[in-house]
Amino acid sequence: MSESLTEEALMISRGEGTQTVYRCQASLLIMVLAVFFIPFPGTILSASADPVPQRQRVRDLGIIVGQYQPGPLNAITDVEGVKVGHTTLNEGEGPLKPGKGPVRTGVTVIIPRDDVWNKKVPAGAFVLNGTGEMTGLAWVAESGFLEYPIALTNTLNVPRVANGVISWMIRQYPGIGISDDTLTPVVAECDDGRLNDIQGRHVTEQHVMSALDSAKTGTVAEGTVGAGTGMVSYGFKGGIGTSSRIVSGKDGGYTVGVLVNANHGRRPELVVNGVPVGKFYEPSIQMSEALMPGQSEGSIIIVVATDAPLDSRQLTRLAKRAALGLARTGSTARHGSGDFILAFSTSNVIPHYPQEPTFIMAHLADTHLNPLIAATVEATEEAILNALTMATTVVGRDGRRVESIDLGRLSDLTKGTR
């Protein structure tokens, strides 16, 4: 074996819209191959978690949230043209070595539509509690539109992820900053320092660009993936979740899709479809109650997409209603929580440099907003629950272990709601 391989081995597994990176010592790799490779060809073993059990989305457990029907994928990508991509970093184990690992983090990107720089989407935002950051919101509020992808990551990685978005945009549009406008990317963060070597800022520009390059329509990976890799929600393993709703034909047949990065809440608060599951769930150590003074209590990022013809003001109203979906899962938006919500519509096109002084946009009357409001609340609630039920148990820095919610236990506790 070469000297480089004796130091470490790098394995990269690429799925559609997802890049996953694992590192392990070569000796461990050899042992794993010797024991596992023959009976299980093609298996990649991560040292950070137990063998992955079969996880299910909350609807597949028979827990039906709300009245509206989900879209075909029950995902934000049910809104035509929306793409999602992830890069997941899962490296090392054992004691924390600041700047080196263990690493349990990543980046998740949402592209509102192709060529969004020249074909901007109306957008609005709402901050429920501001202990956190979503960059670029000042320009969204001022302009009323979104003109680049949205990126989600951990708190200390925000500048590097912003660099990645900027580099990707310059590659797509070489005139940026020369013959064209500059940009202020939208990057939203949650603190994954309970499981991850967050000081290491391990998400690089290339990881961001890879996530953007591989972003796709279709099924969205959920749970312990991308920006959700190191997240903890309601005392369980959290992360990425998504859901969608379609309003009736008489109400326009519009779709509302939601994607969340769930890193919020304490176990006794958790409510699932009206059942106080957190109070009934058997007691266990929860990382969300084991915080040192000054540490973050967690956050959630919510992104709402729709194909309804809404303007920025109306999208801000939808963003506010997403907070009600968050509340339905038990959140009280605690002092230390960062709860940021961004909503956009793909229905209209706001041109980059209009040739004429006016352009036409379709506009839904406010009196017809109610179905979209209800759909947003329902999709947000279910997206958060999907983040919990799809996440897998993770062992992070210093051997800290965060369990995924037990699906059998959850199913038993919610039987009366079906």
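## Crossing helices and charged pairs

Helix α4 passes helix α5 in a right-handed crossing, meaning the near helix is turned clockwise from the far one by less than a right angle. This is a predicted model, where local features need pLDDT of at least 70, side-chain atom pairs count only at pLDDT 80 or more, and totals for chains, interfaces and linings use all residues. Residues are numbered from 1 along each chain, and side-chain values use heavy atoms, leaving out hydrogens and water.

Let's stay with the helices. The axes of α4 (residues 158-172) and α5 (residues 205-214) come within 8 Å and cross at roughly 55°.

Now for the charges. There are 14 salt bridges, each a side-chain nitrogen of Lys or Arg within 4 Å of a carboxyl oxygen of Asp or Glu. In one of them, Glu-147 pairs with Lys-120, with the closest N and O atoms 2.5 Å apart. Glu-147 sits in the loop between β6 and β7, and Lys-120 in strand β5, 27 residues apart. Glu-147 is buried at 5% relative accessible area, and Lys-120 is buried at 3%; buried means under 20%, exposed over 50%, and partly exposed in between (1.4 Å probe, protein chains only).

Another salt bridge joins Asp-366 and Arg-313 at 3.0 Å between the closest N and O atoms. Asp-366 lies in the loop between β15 and α8 and Arg-313 in helix α7, so the pair ties together parts 53 residues apart in sequence. Asp-366 is partly exposed at 31%.

Note on methods
Axes are lines fitted to C-alpha atoms, for helices over the stretch in contact, and angles run from 0 to 180 degrees between N-to-C directions. Helices (H or I, at least four residues) and strands (E, at least two) are DSSP runs, numbered from the N terminus.
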